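Here is a short report on one protein model.

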Amino acid sequence: MVSKAVFEGCFHRYDRPEDKWAYLAFFLHTTLTAPIRQPYLDLRRILNGKDYFILTTNQDTQAIRTFPEDRVAETEKLTRSSKRLVKMPSVC
């Protein structure tokens, strides 16, 4: 199965539990290792030198990799040091 979106992959009815876990492992690995995308780099440039605070779901892990930890609050927490998911989204 090739998923077009994260939620589609989470809600897909897999034939075997192993297939769902394979999808989730692949998604998590690519999310944690993807390069920081241009919109985040642009936002970092715009906010440079300004007082700001970011509230994010951070499902793509880009915010905590782009901005200082004390400037970001996540509704879905991923620890920066261990890259261990503390709370999984309920849809998966």
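This is a predicted model: local features need pLDDT of at least 70, side-chain atom pairs count only at pLDDT 80 or more; totals for chains, interfaces and linings use all residues.

## A charge over a ring

The charged end of R71 sits over the ring of Y52, 5.0 Å from the ring centre. The rule asks for NZ of Lys or CZ of Arg within 6 Å of the ring centre and within 35 degrees of the ring normal. R71 counts as partly exposed, because its relative accessibility is 25%.

Residues are numbered from 1 along each chain as its sequence is written, and side-chain values use heavy atoms, with hydrogens and water left out.

## Salt bridges

D51 counts as exposed, because its relative accessibility is 73%.

A salt bridge here is a side-chain nitrogen of Lys or Arg within 4 Å of a carboxyl oxygen of Asp or Glu. By this rule the count is 2. R16 and D19 form a salt bridge too, with their closest N and O atoms 2.8 Å apart. R16 is partly exposed at 46% relative accessible area. D19 is partly exposed as well, at 27% relative accessibility.

## Aromatic pairs

The structure holds 3 aromatic pairs. Which kind of pair do the rings of Y23 and F27 make? They are stacked, because their centres are 6.3 Å apart and their planes lie at 15°. Rings of Phe, Tyr and Trp (its six-membered ring) pair if their centres lie within 6.5 Å; planes under 30 degrees apart count as stacked, over 60 as edge-to-face, and the rest as tilted.

Y23 and F27 both lie in helix 2 (residues 17-33). They are 4 residues apart, about one turn of the helix. Y23 is buried at 15% relative accessibility, and F27 is partly exposed at 23%.

The largest nonpolar core has 7 residues: L47, Y52, I54, A63, I64, F67 and V72. Such a core is a set of buried Ala, Val, Leu, Ile, Met, Phe, Trp, Tyr and Cys residues joined through side-chain atoms within 4.5 Å. Contact means heavy atoms within 4.5 Å. Leaving aside neighbours within four places in sequence, V72 is in contact with F53, I54, T56, A63, I64 and F67.

E74 lies in strand 2 (residues 72-74). Is E74 buried or exposed? E74 counts as buried, because its relative accessibility is 15%. With neighbours within four places in sequence again set aside, E74 is in contact with T56, N58 and I64.

## The whole chain

The protein has 4 helices and 2 strands, in the order α-α-α-β-α-β along the sequence. Helices (H or I, at least four residues) and strands (E, at least two) are DSSP runs, numbered from the N terminus. Of the 92 residues, 26% count as buried.

Key: Buried means under 20% relative accessible area, exposed over 50%, partly exposed in between (1.4 Å probe, protein chains only).
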